[in-house]
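Subject: Structure handover

Hi,

Here is the structure I promised to pass on. Please have a look, and my notes follow below.

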Amino acid sequence: MIKKIVILGGGTAGWMAANILAKRWAKYSVEIALVESSDIGIIGVGEGSTPQLKSFFDYMEIAEAEWMPACNATYKTGIRFCNWSTKPGFENYFHPFPAQPDDYSAPAFFYNCFVRRKGADVYAHPDKFFLATYLAKHQLGPKPAHHFPFQLGYGYHFDSSLVGLFLKQHAAKLGVAHIDARITEVKLDAQGYISHLLTENQQPLAADLFIDCSGFAGVLIQQALKVPFINFSSNLFNDSAVVMPTSAAMDITPQTTATALNAGWMWNIPLVNRIGNGYVYSSNYLSADMAETELRQKLNLLDKDVPVRHLKMKVGRLQHHWAKNCLAVGLSQGFIEPLEATALHLVQETVLGFAEAIELGDFTDREQANFNRSINQRFEAVRDYIVCHYRVNSRTDTQYWRDNANNNSLSDSLRELLQVWVGGGNLTQEIERQKIGCYYPSASWHCLLAGYGLFPTQDQLLPGNEVAHKYKMENIENFISRCALNFSSHREQLNDLVAKQQVM
Ligand SMILES: Cc1cc2nc3c(=O)[nH]c(=O)nc-3n(C[C@H](O)[C@H](O)[C@H](O)COP(=O)(O)OP(=O)(O)OC[C@H]3O[C@@H](n4cnc5c(N)ncnc54)[C@H](O)[C@@H]3O)c2cc1C
């Protein structure tokens, strides 16, 4: 029934939405126009993804050799967290993306976590149990030799401006019209639906459906339709970021590194041509100048002239993401700070979930309510996983970390998960009971809680009997290192893409 769609905003969210809908609804001859203002520009950060982004490019039938070299992209097998915990032996750990061979090693990890929480002195640091962790440590890329019969999830690092440009060109091929203009007015009809947008030159842009991808401004959904914004600041303190690139490293590690600093954390994202760095922090604890100085110190850039950007972040979500004839996608619908690089994942889920809802029930209240509930659940699940990083930190060096560790503003879901872990219960069963494994699986929760060393202290542990030592670590390590023989170096895999691109 939708004949015409206007998308407001040409950041990554706008162009992803345009591409997905232009492809999905091509058979219905839906007309799509994207309007953006080059004077306003895009946020231009957001350089890491979850494995979900691969399914976006697969869905669009865009080969890695086509887009990755064009966007200086690299592979990502997970995230290394450094200095979030002060527990000896647990100062850093890796959160791996899932791989099929984990089916063999993860049960050993879960078991060891379980008995260690009960006081047995078994190995329970996550780093030795997952293939993706091994690949990152040894600078191996995530694409196996063709005879390796198992799947491996992986994400990407990329230049977000170049991805936007790439997607803009691709959308044009699918027939999406592009208008460069500032929207100055949003006109509503008598029922409160958006009837048309007005550009600064008074050009009207009418449509059946409007997609708000206007970034933090939320021009349609927040400013015009007045959908309330639910702030997450009671348990996610960070509201600011400072960003500073550095030159590329010799080794391109297929991982994001998230290192805790005085009042937040810094990211390190290796691209082919540079490293993306940024410090995400709370302005209640640190001024912009102090954050910049701390980041410069960390990067050895104290008196060097480098491009620096300061950004504010609005952290939370809309009460509902689809209101009247408007769908909000991207920063306009909400943002959870980028610790797990989940924003584009949420963009994809929102657009695909919306398309499904429309195909199932069109503009019915029931489909709309189901859709809004499901996106809200996803936002809250991601929020809880991120909040947990702060709540279980064991740093005591600054007020910021002490306040985070003492913050009891937790959802019931997170509170119950933590109770199960600390009480020696079965975490996997609790995740199943709460039906939240589709957001973060049991392995992710185990990695987080074990990775921070949330166990009895070393002097409280006892050697344990044969039952406690059911799994031999050398067998696990052997298995993973043998699996890894099927992977070439990350650098080689990136060079292969360039070679393939040249013959395309
Ligand atoms: C510090 C930081 C780090 C991040 N890291 C990650 C990460 O690692 N991974 C990840 O997935 N995400 C990350 N994100 C989120 C990511 O940057 C965004 O989700 C992504 O860039 C999409 O943004 P957007 O398209 O919603 O908004 P924007 O990029 O802000 O685009 C908004 C668009 O709306 C247009 N616009 C606004 N108002 C008007 C108007 N009145 N008229 C016409 N046009 C208008 C602008 O011109 C622009 O085209 C991060 C965000 C921040 C702040």
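Phe-109 is buried, with a relative accessible area of 0% (buried means under 20%, exposed over 50% and partly exposed in between, using a 1.4 Å probe and protein chains only). Phe-129 is buried as well, at 0%. These two rings form a tilted aromatic pair, 5.0 Å centre to centre with 35 degrees between the planes. The pair links distant parts of the chain, 20 residues apart: Phe-109 sits in helix 4 (residues 102-117) and Phe-129 in the loop between helix 4 and helix 5 (131-137).

This is a predicted model: local features need pLDDT of at least 70, side-chain atom pairs count only at pLDDT 80 or more, and totals for chains, interfaces and linings use all residues. Residues are numbered from 1 along each chain as its sequence is written, and side-chain values use heavy atoms, leaving out hydrogens and water.

In total, the structure holds 35 aromatic pairs (Phe, Tyr and Trp rings, the six-membered one for Trp, with centres within 6.5 Å; planes under 30 degrees apart are stacked, over 60 edge-to-face, the rest tilted). Another of them is Phe-56 with Phe-57, which is edge-to-face at 5.0 Å centre to centre and 75 degrees between the planes. Phe-56 is buried, with a relative accessible area of 2%, and Phe-57 is buried with 2%.

There is also an aromatic cluster to look at, whose members include Phe-81, Trp-84, Tyr-93 and Tyr-452.

Best wishes

Terms used. Helices (H or I, at least four residues) and strands (E, at least two) are DSSP runs, numbered from the N terminus.
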